[in-house]
Amino acid sequence: MSRVMVVWCPDWPVVAAGLIEGIPIHEPVAVLAANRVVACSEAARTEGVRQGLRRREAQARCPWLAIVDDDPARDARAFEPVIEAVEELAPGVEVVRPGTCALAARGPGGYFGSEAGAAERIVEQVAQACLVEAQVGVADGVFAAGLAARSGKLVPAGRTGEFLSGIDIGALDRPELVDLLRRLGVDTLGAFAALPGADVFGRFGLDAALAHRLAGGRDERPLAVRQPPPDLDVTQVFDEPLERVDAAAFAARQLAERLHDRLAGHGLACTRLGIAAFTEQGGELYRTWRHDGLLTAAGIADRVRWQLDGWLARGRAACRSGYQPAVVSGPRPGGIIRLRLYPDGVVEHAGLQLGLWGDAGEERDRAHRVLTRVQGMLGPEAVLTGVLGGGRDPGDHVRLVPWGDERISEPEQPWPGGLPAPSPATVPPTPLPVDVYDAEGGPVGVTARLALTAAPATLDISGELERISGWAGPWPVDERWWAPDEASRRVRFQVCLADGRALLLTLAGGAWSIQGVYD
Amino acid sequence: MADILALRRTPRRRHPGSASAGVAELVRATGLTGLVKPASAAAGGPDGVGERVLPVLPELRALLPAGGLRRGSTVAVASTAPAPFGATSVLLALLAAASAAGSWCAVVGMPALGLAAAAELGVALERLALVPEPGPDWPAVVAALLDGIDVVAVAPPGPVSTDLGSRLAARARQRGSVLVPYGQWSGADIVLRTPGGGWRGLGEGWGRLARRGLVISRRGRGAAAHPREVTLWLPLGIEPPPPLVEDAPVLEAAG
């Protein structure tokens, strides 16, 4: 029977919420899933909050309870540093679930002198590295060790059955079976383990037979050890700083081949590629390239070459004109002394798919190549593409994402208060302030009851007066009034000028502005 | 089906003469398979991609001598006086049909372009790339884009010298892309203007901007030398309204 050590972080969903969302976990906090409490902080427990309570009941017991929604992804993400901290001391860690991980006790036990010493070191390590409280339990088998961790016990070898016998049957985590056993008068794991195994199997089925083995401390399952992610980065150091593009291109190709070999050796391909260069002045330049296809060796080489081309050219331009781009740290990029490629977004390489009709997708590849090249010249954020989304104003309607980034389009939903088509063909990035006057030359406003103070007659666009020949509105929008920082309360007007122009005007906080031109 | 037919027809059309066979051998020997194509391949299929002429909206066909955007040509949209209004819509309308048919488009130097309007006209946003701030080196960006994008619209930040204009036009001709300068540009094959037009549906405090008639005129060289005018009614796909009595706009409730 293998000795297993389980590291258990109590109330992990609460701790994870604290780590990632900064919720003070020393105050009453409860994590809810489907309106039931799944975990709560110690402070909440002393107020009487328990697992499984409904939200209303939990809030009745503790009115100042902070409620957090359950998010398994958050729990897993927050647990990653803890696993890394444990792996520093002992390799071969199995993540049982976020908040609990298991490892073989023999190795660390021998290395640190005793199991107790190893447990102490691991708890200390986790506390120092991640500021997380952990408990360690050691027993024969993962199930028993997990229960031992709850009380921080080190169960001596061969006494696991004895340790389990006094534990409540609820620890089996099989609600239906536990309910049934309780009604039969079986209240502890020991009592359950005392039943004959063949009869348990015959009467309750396979799952109960497995539970019976666990209750008896016969947990034969070997650990499913986590494979640490392979190190895929490639780095090259140059004795002579790279100043010229052709030298950089040569280096890029070599490095790209190496990266590609390494990826291929692991049976992987990458969809995002990070390039980091270190210059002789101590500057560091980073950029991540995205690609919705898979990057081949030539593709990587091209990207690195464009990338370096852009940097070196900018370095020269900076020398000439004193122009200082914002992304570059340090006085100017200078020669590159170290180059590092790190694949990001690695996927299983299942072979590249070619187009069915030979040159299908050739146009797309050509366009992609060109746009990536322009991104190399100007930066990845210089080439954009629009994604339609929801919104009430023409500016909100479209989200711009850098080229090559994922285009996540929102499902089409009605937007009450949205402006009807046609949309303005020109939407100034920043609204242009104007003034609107009535026939007597007085300013036009809108009352709290959305009534116009006077009919608009003239429009003052930076000093030039234009006659208004037609108008419609006010069409009010009161957005996000519940969030004071993002709230926006405004009215819109469509206005036709005497010379045939049509404008979309906005009045917010007493100030008029042009939000769109129906150009 | 059309692809299969094309595949079957191709060998019959090509003569299995010695010159052709020699070229094929050379192509295979030097590993250029797929890169060298017969000249007839440029004629392309019926889907619009790869054709010598990119499709345009039916209303605009009369303005363009080829009945569409001929690859390698320069079609300018003037946004200057007498009436600078409507030029952006003309630009988007020019891109719309080609984009919808599968071509790639790019717009350089127009940070205020209304993409919602573009989508309403039929421009496929997933094949539309924007370079809103190309910076001082915009001709290099345009030249790079002409390498692989079918239609490149560019709004230059200032006056463009004839030399630069003809160099970019030559690049477009060489690469088989369409250059669509927006604003002042000399040496374009065709220049489109919007001398007039107006909106309907808006009254004094009621209605909404509903229909728009956009008069587009062309001036150009060669086959396009004869001036011509058409009226484009937006939004597309609705019957053009009958000529209205003055000051009797269409009644319509707002949104």
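Among contacts in chain A between residues at least 6 apart in sequence, those joining residues at least 24 apart make up 54%; two residues are in contact if their C-beta atoms, placed from the backbone, lie within 7 Å. This is a predicted model, in which local features need pLDDT of at least 70 and side-chain atom pairs count only at pLDDT 80 or more, while totals for chains, interfaces and linings use all residues. Residues are numbered from 1 along each chain as its sequence is written, and chains are lettered from A and ligands numbered from 1 in the order in which they are written.

Chain A contains 16 helices and 19 strands, which are DSSP runs (helices H or I, at least four residues; strands E, at least two) numbered from the N terminus. Of its 519 residues, 36% count as buried, that is, with 20 or more other C-beta atoms within 10 Å of their own, C-beta atoms being placed from the backbone.

Between the chains, 48 residues of chain A are in contact with 52 residues of chain B. On the chain A side, two or more residues come from each of several elements, including helix H16 (394-397) and strand E16 (464-479). H15(A) provides the largest share, 10 residues.

Confidence is described by pLDDT, the predictor's score for each residue from 0 to 100. Chain B has a mean pLDDT of 78, with 72% of its residues at 70 or more. Over residues 1-20 of chain B the pLDDT is below 50, and this stretch has nine contacts beyond near neighbours in sequence. For the complex, the predictor gives an ipTM of 0.74 and a pTM of 0.59.

Methods: Buried ≥ 20, exposed ≤ 12 C-beta atoms within 10 Å, placed from the backbone.
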